[in-house]
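Here are some friendly notes to keep beside you as you look around this structure for the first time. Take the points in any order you like.

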Amino acid sequence: MITYYARCFAIVLLLTQPAFAGKVNGTLSSRLDFYPDHADGTASEGRSVEVKIDAFHDFDKSRIVGEFIFRGDKKDSGRRITEARQAYFRSPFAGFDFFVGNRQEFWGKAESKNVVDVINQSDAAANDGKSGKLGAPSISAERYLDVGNLQLWYISRFREKTFNDSDAHPSSGVPVSSAQYARKNGKDADDFAARLSSFAGDWDLAGSVFYGTARDPILSVNSNGSALNPHYALQKSIGFEAQYTGDVTLLKWESLHGTQSSLIGAHDFAAAVAGIEYTYYGAFETIWDIGLIGEIQHDDRPQAAANQFGVAGVRLVFNDIADSNFLFLASLDRKTDQSFASLEASRRINDVTSVKLTSQFYNARTTTSTFGQLSDDDAITLTLNIFF
């Protein structure tokens, strides 16, 4: 029902764009994917088109906000989506700002993985990193206190993770069956969360609590090996974030501790990411900035690709008029000898056009490891964005 009204809202915004002059923006994205190591029977390339509409309109002290995604894919039905990532009404009341509707919110400090980012579900089929999120149908409230910014969340309906088709990428090669839930009400079970963020000197700090359905499912193969069964656990957790901002150094920490149900019962878990980013400003006597990134991940939940990853990366910001930038990250799990590398580079062509190149490469010693099952999912992606 929310999706239906969100679609109607998007159509109204498009038809009435002149009345919202300067407050409706759109992006048309054409994307080409190449899979150099694709297995027989799987796609060797992919093509998709996405239209994104961003809009807002103010009514006195209130505001209505919309962000709508319409994505079509030639071969992969898992990527096709009509989504209201944001479609909410914001209004002040009793010292709080209240938000009602589909809303997106990001929590976290680390670069490679954000274990505390529990509000929105991942649009995993989009394969678009942190920006690939689904809207959370919710009622939320925010208030600035003397000690920091307080957020309170009630999420009325769970959004299942999106998956690519079994012959698309990335994919395990078998279809994903209907989801099972640890909670009796399934996707209709309510989620609750709260977060308090503040700062002390050069430190940004935040603490959060969450009670609800875990965003990542536990995947298991059915008895005859013909499908993956996703099981969404009940999660009760406490999160903590910290970031130190120095002249050239960022120190980052985020952690999540709690209990999570599993197929065999509840168990305690711990997940954390610690990192450092050191930036050389004006490197090589240019206007370039080069950031060196190092992080360590720990996650003992069954959904994690490995218990521990070491991460190294380089960020290059050219500080030019075309907003050119480059980011490379490599993750290594020494215990099972598997690794993952990603590259992202983007540049504006002119005021209304930009181009983005991304790639991802999986490597593993054994086919039974997480990345071993993705050995044919190496991808090179070129995206052309047109803004209107």
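Which residues line the largest cavity? Point 2 has the reply, after some background.

1. **Ground rules.** This is a predicted model, in which local features need pLDDT of at least 70, side-chain atom pairs count only at pLDDT 80 or more, and totals for chains, interfaces and linings use all residues. Residues are numbered from 1 along each chain as its sequence is written, and side-chain values use heavy atoms, with hydrogens and water left out.

2. **The largest cavity.** Its lining is made of Ile119, Asn120, Gln121, Ala136, Pro137, Ile155, Arg157, Phe158, Arg159, Asp191 and Arg215. The volume comes to about 60 Å³. A cavity here is a set of points, on a 1 Å grid over the protein atoms alone, where a 1.4 Å probe fits but cannot get out, and lining residues have an atom within 4 Å of a point. Grid points are joined across faces, edges and corners, and a volume is the space filled by probe spheres set on the points. By class, this lining has 5 nonpolar, 2 polar and 4 charged residues (nonpolar: Ala, Val, Leu, Ile, Met, Phe, Trp, Tyr, Cys and Pro; charged: Asp, Glu, Lys and Arg; polar: the others, Gly among them).

3. **The second largest cavity.** Searching the whole structure gives 2 cavities of 30 Å³ or more. The second largest cavity holds about 40 Å³, and its lining consists of Arg31, Asp33, Tyr35, Arg79, Ala125, Asn127, Asn164, His169, Pro170, Gln360, Ala379 and Thr381. At least two lining residues come from each of strand 1 (24–34) and strand 21 (379–387). The classes are 4 nonpolar, 5 polar and 3 charged.

4. His169 and Pro170, both in the lining of the second largest cavity, are joined by a cis peptide bond with omega of about -10 degrees. Pro170 sits in the loop between strand 7 (148–155) and strand 8 (180–181). Most peptide bonds are trans, and most residues other than glycine have a negative phi.

5. **Two aspartates with positive phi.** Asp323 has a phi near 55 degrees and belongs to the loop between strand 17 (308–317) and strand 18 (325–333). Asp337 also has a phi near 55 degrees; its loop runs between strand 18 and strand 19 (338–350). The cut-offs are under 20% for buried, over 50% for exposed, and partly exposed in between, with a 1.4 Å probe and protein chains only.

6. **The second largest pocket.** A pocket is an open set of grid points with protein on both sides within 12 Å along at least five of seven lines. The second largest pocket has about 210 Å³ of space.

7. **Strand residues and a turn to compare.** Tyr144, in strand 6 (residues 136–145), counts as exposed because its relative accessible area is 67%. Its C-alpha atom is 52 Å from that of Ser223, 79 residues away along the chain. Thr249, in strand 14, is buried, with a relative accessible area of 19%. Beyond its neighbours within four places in sequence, Thr249 has contacts (heavy atoms within 4.5 Å) with Tyr244, Ile276, Glu277 and Tyr278. Gly246 lies in the loop between strand 13 (234–245) and strand 14 (249–262) and is partly exposed at 21%.

8. **The whole protein.** There are 21 strands and 1 helix, taken as DSSP runs numbered from the N terminus (helices H or I, at least four residues; strands E, at least two). The C-alpha trace spans about 60 × 60 × 50 Å along its principal axes. Of the 388 residues, 45% count as buried. Among contacts with a separation of 6 or more, 54% involve residues 24 or more positions apart.
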